[in-house]
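Have the sequence and the fold open as you read.

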Amino acid sequence: MPSIISVRNVGKVYSSGFNALRNIDLEIRRGEIFALLGPNGAGKTTLISIICGIVNASSGSVTVDGHDIVRDFRAARSKIGLVPQELSTDAFESVWATMRFSRGLFGKAPDPQQLEKVLRELSLWDKRDSRIMTLSGGMKRRVLIAKALSHEPSILFLDEPTAGVDVELRHDMWRMVRRLRDEGATIILTTHYIEEAEEMADRIGVIARGGLVVVEDKATLMRKLGRKQLTLTLRTPLQQVPAALAGLPLELANDGHALVYTFDTQTDETGIAALLRQLAEQGIDFKDLHSSESSLEDIFVGLVHGNGKAQEAAA
């Protein structure tokens, strides 16, 4: 699938000397949902701001649908809709007026039907004549999304869009995101809600300390870095793992009432059969067992905290 955004060797050093981004190379595919994950201060918002032309990079280049974000700013920016973290709106304007003005900023001809469609989809149609200052925080967030969509962009950036919003808005937003992707739009989102990225994204990028740790298809990432665990509930608790089993990836859990066996999802042999034989030889009996897989959150935490094996596996 061709790239719609190309980020090449981008770095950002602020005047204070803080190195916010280091040699970022990233290709975002046309028509995908790309989730950028990272802890606070990792560089997510800085990277988005550079792509959108709000912040100047210290080095490197960015093209948006073939347009250089610096040399051909107007054409590049017209492709982009941005929903920022901060609730910055035209407080004294009505919802309808700010939508119409935002569309005009991008040189788009008036299209009341398009604006009505967006407002209805975001449950804002009844508020179209209300001043933004009179709206609740959740409604103001909806207005930001509506403004970003007013000029019908082919690329939509959602920077922590569901932070602090109600469940209804979250569901409305993800329903809208799926529709936009189905219509050919490219969606880039940052989020603290990792379960949303796990549900929505086609690809995942993890950024930490200003550098991209990994960029991978979601399914491939979870297959490469995911772990499976077999938990055996013991009939008689253990004080420690027997010496004869010390070489196995076993841990005691639940105050010695359970043994947890961790195995690689990519190997042909899980080692479970051998484990059960050794447990029988040691006279360790269990009354129940169940398996589980690591989630995207588990993988994310391992990557951000510098899990070298995880990063090597993803390479």
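Predicted model: local features only at pLDDT ≥ 70, side-chain atom pairs only at ≥ 80, totals over all residues.

Residues are numbered from 1 along each chain as its sequence is written, and side-chain values use heavy atoms, with hydrogens and water left out.

Seven of the eight residues of H1 (residues 44–51) are buried, so the rest of the structure largely encloses it. Buried means under 20% relative accessible area, exposed over 50%, and partly exposed in between (1.4 Å probe, protein chains only). Among the buried ones are Leu47, Ile48 and Ile51. Just after H1, Gly53 has a positive phi of about 80 degrees.

Now the charges: there are 13 salt bridges (a side-chain nitrogen of Lys or Arg within 4 Å of a carboxyl oxygen of Asp or Glu). Three of them look like this:

| Pair | N to O distance |
|---|---|
| Arg203 and Glu32 | 2.8 Å |
| Lys79 and Asp65 | 3.4 Å |
| Arg120 and Glu116 | 2.8 Å |

Arg203 and Glu32 are both buried. Lys79 is partly exposed at 26% relative accessible area, and Asp65 is partly exposed at 24%. Lys79 and Asp65 also belong to a salt-bridge network with Arg30. Arg120 and Glu116 sit four residues apart in helix H4 (residues 112–121), so about one helical turn separates them.

Notes. Helix = DSSP H or I, 4+ residues; strand = E, 2+ residues; numbered from the N terminus.
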